[in-house]
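Reader: Could you walk me through how the helices of this model pack together?

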Amino acid sequence: MAVWAADCAERVLGLFEAEARGDTRPRDAIARTRAFGRGELDVADEIRRRFAGDGAARQVSSPAAAAAARAAGQAAAIPHMGAHALGAAAYAAKAAGLAAPDRPDAVSEEIQWQLSIMTIEARTALRQLPPVGENRAGPLSPGLLASGLLGTIIRDLKAGLAGAER
């Protein structure tokens, strides 16, 4: 899940970097997520560091750039709770949509791409997560990730998990 979430976040990272040249916090978060996915980083250390990149989204004015930074932050929170992988993907899809307001299918195209690169292992793990907004604990509980566009994206991702295996 961590590698998949890093892939999702990295795909929109340029939206953040175009506006915040020199701010490496989201890129560093993605690199740490990849290292965690390879088993190179300790869970406890990464849980303590999950907020290290916070603030990057507040340093940019473009909503697309902010969503891209949040995608990286959600990916970095995976050691704390795997459900953050869906948060990373949702923010990445949101960023793609915000960056292409003239393309109404941008979000759904991003979701399809995300599903297409997902490994069987990630798909299996994500299928185990509770439905969005129904469990009171974790990032999928009623609230930010369960509402609005993010909630819709996560519901669409979860529905797509039943699709063809990769």
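Author: Happy to! This is a predicted model, in which local features need pLDDT of at least 70 and side-chain atom pairs count only at pLDDT 80 or more, while totals for chains, interfaces and linings use all residues. Residues are numbered from 1 along each chain as its sequence is written, and side-chain values use heavy atoms, with hydrogens and water left out.

Reader: How are α1 and α5 oriented to each other?

Author: Helices here are DSSP runs (H or I, at least four residues), numbered from the N terminus. Axes are lines fitted to C-alpha atoms over the stretch in contact, with angles from 0 to 180 degrees between N-to-C directions. Helix α1 (residues 2-19) packs on helix α5 (residues 84-99) at about 25 degrees, with the axes 8 Å apart. Angles under 35 degrees count as roughly parallel, over 145 as roughly antiparallel, 65 to 115 as roughly perpendicular and the rest as oblique, so α1 and α5 are roughly parallel.

Reader: Which class of residue makes up the contact of α1 with α5?

Author: Contact means heavy atoms within 4.5 Å. From α1, Trp4, Ala5, Cys8, Ala9, Val12 and Leu15 meet Ala85, Leu86, Ala88, Ala89, Ala92, Ala95, Ala96 and Ala99 of α5. Ala, Val, Leu, Ile, Met, Phe, Trp, Tyr, Cys and Pro count as nonpolar, Asp, Glu, Lys and Arg as charged, and the others, Gly among them, as polar. With no polar and no charged residues, the contact has 14 that are nonpolar.

Reader: Is Glu110 buried or exposed?

Author: Glu110 is found in helix α6. Leaving aside neighbours within four places in sequence, Glu110 is in contact with Arg11, Val12, Ala92, Ala93 and Ala96. Buried means under 20% relative accessible area, exposed over 50% and partly exposed in between (1.4 Å probe, protein chains only). At 5% relative accessibility, Glu110 therefore counts as buried.

Reader: And how do α6 and α8 lie to each other?

Author: Their axes come within 10 Å and cross at roughly 40 degrees. The relation between α6 and α8 is therefore oblique.

Conventions. Helix = DSSP H or I, 4+ residues; strand = E, 2+ residues; numbered from the N terminus.
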